[in-house]
Structures are given as C-alpha cells and as structure tokens.
Amino acid sequence: MTALFPELREQLHDVAVALEQQAEQPSTSPRWRRLPFAAAITLLLLGTGGVATATGLKFWAPDPGVTETGIKRQAVADPPPWESAGQFEIFRRAQAAQDQSPQAAAAVRQAGGPIYSRTASVRRLSTPDGFEAFVIPAGQTRKASPSDSVCLWVRRTTSDSSGILCTSWAEATAGKLHLSLGPQLDEDAERARGRERKRLLAEMRARGDASPPVGKARYLPSETGFTVVGLVPDAAGAMTVNGHPAVVAGNTFTATIPEAGSIVTRIKAK
Amino acid sequence: MTFTDWDDERLLAARESPGQAAEAFTVFYDRYERAIAAFHMRRCGSAHDAADLTAETFARALDGRRRFAADGKDAGIRWLFGIARLVGLEHVRRSGQRQSALTKLQIERPAVSPAASDAMAEFLEDSTVAQVVEGLPPRQREAVLRHVIDERSYRELAEELGVPEPVVRKRVSRGLAAARRSLKESA
C-alpha cells in the first residue's frame, strides 16, 4: 500500500538514519567542514551531479526493487559523496545512454542493501571483451553521507553469469571493490560428466557402495584461470592482483589469477 | 525473516541496533500511518491538520524511541496511540507552548496530495481503524477504546467496569490483537 505522505516517510527515515549515525559517531562536526580547502574547492567545481543533468538526458529512475529486508527502495538523483566519487573519472563525466541500459537497470535491482540507489550516477565500466560491468552508488540517506556504499556488478556475456558486490567508498578508492568470475564451463563436457556420474551412481547403488567421487569441473580450453574485474581510482598507475599484473584501463582493472581464493590488490600511484 | 515480520515492540527496540533502526522505524511507520492519520482525521476533521498531527505524532515517536519500554503485550500500539492522543489534545487546546518534534528534527510538514486528501476524507466515512474497532466484540471494543484512547489504567477500568483486573487485561489484549490482525490484512 502506498504511503499517504511519502515525503514524510522519507524524511523520518533520513532522520532515523542520521540519529543512528549520531549515536555511533559522537562527533558533531559535519564531514565537509573537516575537508582541506583544496578539496572543498574541488567539490564546488565538481558540483553535485550538475554535470550529469547538463547533458540533456532525463533523470534515469529504473525500479530499484526492494532491500534485502523487504523495504521498498528508491531511485534518487542525489550524487554520491564527491570527496570519494570525485577520484574516479567515470563520475566526472556525464551519464550517457550506455549507462542506462536494461542491463544497468538489472544491476540496480540487485544492489539490494541500501534504501537509496543513486541512479543518476550509475556508470558503465569499460571492460575486456566478454564482460560487462556497472558501478552503482547507493546510500541509506537521500543525501550523500559517510555511510554511503558503492556496488560493482559484473556479468560474463558469454555465459550470462553475473555477480554483485557492495562496499564502502573507502574500500573502493583503495582498489578493493572487485569481483572474480571463474572460467567458463565447457557445457558439452559438463553434460558428459553428468551422464557418467549418473551411470556410476546407479552402478554403485546396486553394489551398495558409497557415493562416487566428485570429478573436477571441465572448462573451455580457451579459458584459463579466474578473471578479476574491479574499480580503480584515476590515481592508480600499475596494479597487481595476488602478485599478478593487472590491466588498468580507465577506472577498471582486470587480471587473471590461476586459483580462486582471497584477493590481494596492490596499487602503485602514477 | 524481514522487518515486516517483526512485531511492534521489536521494531521499536531496534533503536539500539546499528544498521537496523531506520528501516525498523520505517516499517513501524508503514504499519500505522493510516491508522494514525484516520485517528486524527476523525478528531479534527481537516485533512491538512490531520497530516500535520500525523507527522508530529511520528516525529515524537522517532524522537522518543529511547523512552519506549516494551512493558507488556501491545506496548507499541498503546504507546503510539498515547502519543497521538496527546498531540491531538494539544492541537485542540492550541497550546502556544507546544514543543514541536517536527521543528526539533527539522522535518517539513507533509504536503497533502489530492490522493491523500481523498483517502483521508474517506476516513470520516469509512475509516479502517474505526471499522476495525467497531468490528470488535462490544466488551473488547469498550476496553480498547477506554484503555488506549482514554488512557485509563487497567485498575481504573476494572473498577469502572466492575470486573477483575486480569479480565480487563485480557479484553484489551484480545481486542488489540484482533485490531492488529485486521490492520495487517488491510495493509
């Protein structure tokens, strides 16, 4: 049922979040007051989403769905915190048609944690062939706050498998917002493996044996290792992922690592 | 389990839980927005005043969550309607001394859209809350109205109605439980 007073509902929610943050962080000084002068000037020059609205594209507000806890989410034009987002070229350029594709809308719906999805700031990342990625800024309050988060959605176009990860802006600016996608399965080989396993199972059941050993997954011969796709700030020069060199292009890095597991990224400034 | 499955007391108690308090209060708001708006609409008869009073009621509830004590069954709904009743009384008395929680929390007074205005006009004729309360068995209805709206204590009610206090408690509790079920179904 729609709220009688949606603005009141929204304001109450925002105040509740602010009270919650106040309780967690007793400091009453607004964050922007602690910014160095140069950063404050940069913020003024960058404006707050003004670049995006100046392009003539209408505010893009796909349905963001509901949060993980069942609360209706909202698409808002308010920009992400610029002291962080301003470190990425993608947020300084205007939103383009490629940032508003049906895949981008699907990505927005999957970023189901925070209440507000900053859809005017959704950006498509440049990725290697076979991948597609979007960055979705989000927050618990309509206006940007220190608790804002940023989500990365990556899809493998050849197999249509996708994943999403959300983290803080601090992690994102440190090159720690990334997803790893496994090699593409060889579907024919996998089907054959399934049939073989079924046959083995039937034989073993007949003999009263335990379950058959689990075989290794079969990947396409052209696929080697796991692909890591992540977000990286403009200041990054070279980068490694688990010691393997990464390709940095724009605000995207990609690397191939032999095994899945914990990922350690290291950035060298330009 | 989502917040929408939580009972009122748990939603209000989430005030201390980082990352949960705001969403929990929003669910609490969604659950009772219409009931509180209907309550004020039936008392003051003006959609704009009722919108203001609804906003003030929830702002006070938000501001005063720390003082909420889940003392017994249906404490949440009793507490909220207690605030609404006080806000309504202050409105009638036009007290210039009124401390507005809306001002304190810098919340703007809600605009009343044509749809909201229509919905609130319907409250006068066809209030969900009124219907729900009217639909209760007579003894439960009387106990709920006198306890929740008139804020009579269980002891006072027991004396007035000439029945033992546990009986009064049971009538109020059953009445509120039935009202809450109906409100959930109509939401």
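Begin by selecting chain A: among its contacts with a separation of 6 or more, 66% join residues 24 or more positions apart, where contact means heavy atoms within 4.5 Å. Before clicking on, note that this is a predicted model, in which local features need pLDDT of at least 70 and side-chain atom pairs count only at pLDDT 80 or more, while totals for chains, interfaces and linings use all residues. Residues are numbered from 1 along each chain as its sequence is written, chains are lettered from A and ligands numbered from 1 in the order in which they are written, and side-chain values use heavy atoms, with hydrogens and water left out.

Now switch to a cartoon view. Chain A shows eight helices and 13 strands; these are DSSP runs numbered from the N terminus, with helices (H or I) of at least four residues and strands (E) of at least two. Of its 270 residues, 44% are buried, meaning under 20% relative accessible area with a 1.4 Å probe, protein chains only.

Next stop: select A:Ser121. You'll find it in the loop between β2 (116-117) and β3 (123-125) of chain A. Is A:Ser121 buried or exposed? A:Ser121 is buried, because its relative accessible area is 7%. Leaving aside neighbours within four places in sequence, A:Ser121 has contacts that include A:Pro79, A:Phe91 and A:Pro137.

Then jump to A:Thr265, in strand β13 (residues 265-269). A:Thr265 counts as buried because its relative accessibility is 14%. Show the side chain of A:Thr265 and you can trace it to the backbone oxygen of A:Gly175, at 3.1 Å. Among the other residues in contact with A:Thr265 are A:His178, A:Met239 and A:Phe253.

Finally, show both chains. Here 25 residues of chain A are in contact with 37 residues of chain B. The two chains bury about 2500 Å² between them, 67% of it on carbon and sulfur atoms; buried area is the accessible area (1.4 Å probe) that two parts lose on being put together, summed over both.

How values were computed: Buried means under 20% relative accessible area, exposed over 50%, partly exposed in between (1.4 Å probe, protein chains only). A polar contact is a pair of N or O atoms within 3.5 Å; within protein, one must be able to donate a hydrogen and the other to accept it, and residues adjacent in sequence count only if both atoms are side-chain atoms.
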